[in-house]
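Please look over the sequence and structure below before reading on. The briefing then goes through the model topic by topic.

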Amino acid sequence: MEENESIKDISKYDGKKAIIKGWLYNKRSSGNIVFLLVRDGTGMLQCVVSKNNVDKNVFESAQKVTQESSLIVTGNVRKEERAIGGYELFINDIKILQIVSDYPITPKSHGVGFLMKNRHLWLRSKKQHAILKIRAEVIKACREYLDKNGFINIDTPILTPAACEGTSTLFETKYFDQMAYLSQSGQLYNEATIMSFGKVYCYGPTFRAEKSKTRRHLMEFWMIEPEMAYFDWKDNIEIQEEFVTYIVQAVLKNRRSELEILERNLGKLEIIKPPFPEISYDEALEILKKEGKDINWGDDFGAGEETIISKSFDKPVFIHHYPMKCKAFYMKPDPERPDVSLSNDLIAPEGYGEIIGGGQRIDNLELLEEKIKEHNLPRDAFKWYLDLRKYGTVPHSGFGLGIERTVAWICKLKHIRETIPFPRLLYKIYP
Ligand code: 4AD
Ligand code: MG
């Protein structure tokens, strides 16, 4: 492979020659000098082409090169406090691979509809680049925390014979002569694997045919789902608190410059440390009523309700003991009060709403059979799941954290669509 350097390591080449392979982000010129702002995926570098110091053809290349043209520049690295990243490249040579004409995304502002249609190109912009680097850091931190804490990564199927999170949001697909559904969650399968491994997690894409057009819903999103044998709902909350703290602190440590590009208020993230406040559904209802919401006991919280709660705390807040009827069939009822479940959501601050859903699972065979019936689920498809309550059942709990909702909060974005490279939105599947 031809020798080349990356912009993120540019300080190592101070006073030396460097070759950078990338694309032109921006350009300005003043008389005999052309400044090329080059990006290579790892950073941005200001490159200086001075008419008096280079061959005529090199200066001409610098003059004609356009935004997003692909190019390889060679030159000497020098410290320059005022330049982005603190260094500049004094160019000796430019090799243009392709001159671009009419790149659709210009430095002027564009409407979101236009940008979404050009998502494949929009990803090159500075802000989008920063968001997706933070996304990668969030995913890395999730795995790192779980790997360090004795969880085994067990991946679960995408093509499934039955619903996990309710039948109204299933994507159907033909599976030879039967119907299959795209996975809404890997949870049920990892309730099986914990009986072999103790603590596990799955990470993968999940699918919900959400008929609602909101800032928080995607049809395809990525979820990390830890599941633990011998954990009750309290243990479950404790680990969620540590997990979210680990993620936020990792982003602060490793992706500070990206947070700065997004002009994120770092103070709001620095305080994300235990303990997080914990309130019951009943207490949350009181807050909502005080804020003037017309809501009855038993109603599920929607985006509006979550936003109000979320703004009442400056840290993520746990809401636990939701009414049984708000939650999925597998939630364990509180033995002291069977109309509420040993469930919890975690609501992110600053108006972001739910980022985690979880709880303790039903471990009793008869009760689980009853709930499957109550929810009109096909018993045959759940035979294997019922087996788990027959052969060595134990109390167990788990949760799912939505990557995109978490990234939207950490980056303080208005809409979830920018947190995933190619969002799948209501009726929209291009590009
Ligand atoms: O609350 P949910 O539906 O929980 C489950 O799926 C459980 N089976 C998880 C478990 O206990 N293993 O979803 C969990 C999280 C939500 O808190 C949210 O962050 C995200 O997944 N989520 C979505 N994100 C984007 N778009 C959607 N349509 C989402 N639906 C859920
Ligand atoms: Mg939920």
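The notes below cover confidence, the surroundings of the ligand and a few features of the backbone.

This is a predicted model. The mean pLDDT of the chain is 96, and 99% of its residues reach 70 or more. Ligand 1 takes up the space of the largest pocket, and 24 residues surround this ligand.

**Confidence along the chain**

- Among the elements of the chain, strand S18, residues 396-402, has the highest mean pLDDT, at 99.
- Helix H10, residues 303-311, has the lowest mean pLDDT of the elements, at 94.

**The shell around ligand 1**

- The closest of the surrounding residues are Glu165, Gln187, Arg208, Glu225 and Glu354.
- By type, the residues of the shell divide into eight nonpolar, eight polar and eight charged.
- The space taken by ligand 1 is the largest pocket, and the elements that give two or more residues to the shell there are strand S11 (220-229), strand S17 (353-360) and S18.
- Strand S17 gives the most to this shell, with five residues.

**Polar contacts with ligand 1**

- On the side of Glu165, a polar side-chain atom lies 2.7 Å from a nitrogen atom of the ligand.
- For Glu225, an N or O atom in the side chain is 2.7 Å from a nitrogen atom of ligand 1.
- Ile355 takes part through its backbone: one of its polar backbone atoms is 2.9 Å from an oxygen atom of ligand 1.
- On its own, ligand 1 has 630 Å² of accessible area, and the protein covers 94% of that area.

**Backbone features to find**

- Most residues other than glycine have a negative phi, and most peptide bonds are trans.
- The peptide bond from Pro274 to Pro275 is cis, with omega near 0°.
- Pro275 can be found in the loop between helix H8 (266-270) and strand S12 (278-280).
- A cis peptide bond also runs from Tyr430 to Pro431, with omega near -5°.
- Pro431 belongs to the segment after helix H13 (403-411).
- Glu263 is not a glycine, yet its phi is positive, at about 55°.
- The place to look for Glu263 is the loop between helix H7 (256-261) and H8.

Definitions and conventions
Residues are numbered from 1 along each chain as its sequence is written. Chains are lettered from A and ligands numbered from 1 in the order in which they are written. This is a predicted model: local features need pLDDT of at least 70, side-chain atom pairs count only at pLDDT 80 or more; totals for chains, interfaces and linings use all residues. Side-chain values use heavy atoms; hydrogens and water are left out. pLDDT is the predictor's confidence in each residue, from 0 to 100. Helices (H or I, at least four residues) and strands (E, at least two) are DSSP runs, numbered from the N terminus. A residue is near a molecule or strand if one of its heavy atoms lies within 4 Å of it. A polar contact is a pair of N or O atoms within 3.5 Å; within protein, one must be able to donate a hydrogen and the other to accept it, and residues adjacent in sequence count only if both atoms are side-chain atoms. Accessible areas come from the Shrake-Rupley method with a 1.4 Å probe; for residues, only the protein chains shown count as cover. On a 1 Å grid over the protein atoms alone, a cavity is a set of points where a 1.4 Å probe fits but cannot get out, and a pocket is an open set with protein on both sides within 12 Å along at least five of seven lines; lining residues have an atom within 4 Å of a point. A molecule sits in a cavity or pocket if more than half of its atoms lie within 2 Å of its grid points. Ala, Val, Leu, Ile, Met, Phe, Trp, Tyr, Cys and Pro count as nonpolar, Asp, Glu, Lys and Arg as charged, and the others, Gly among them, as polar.
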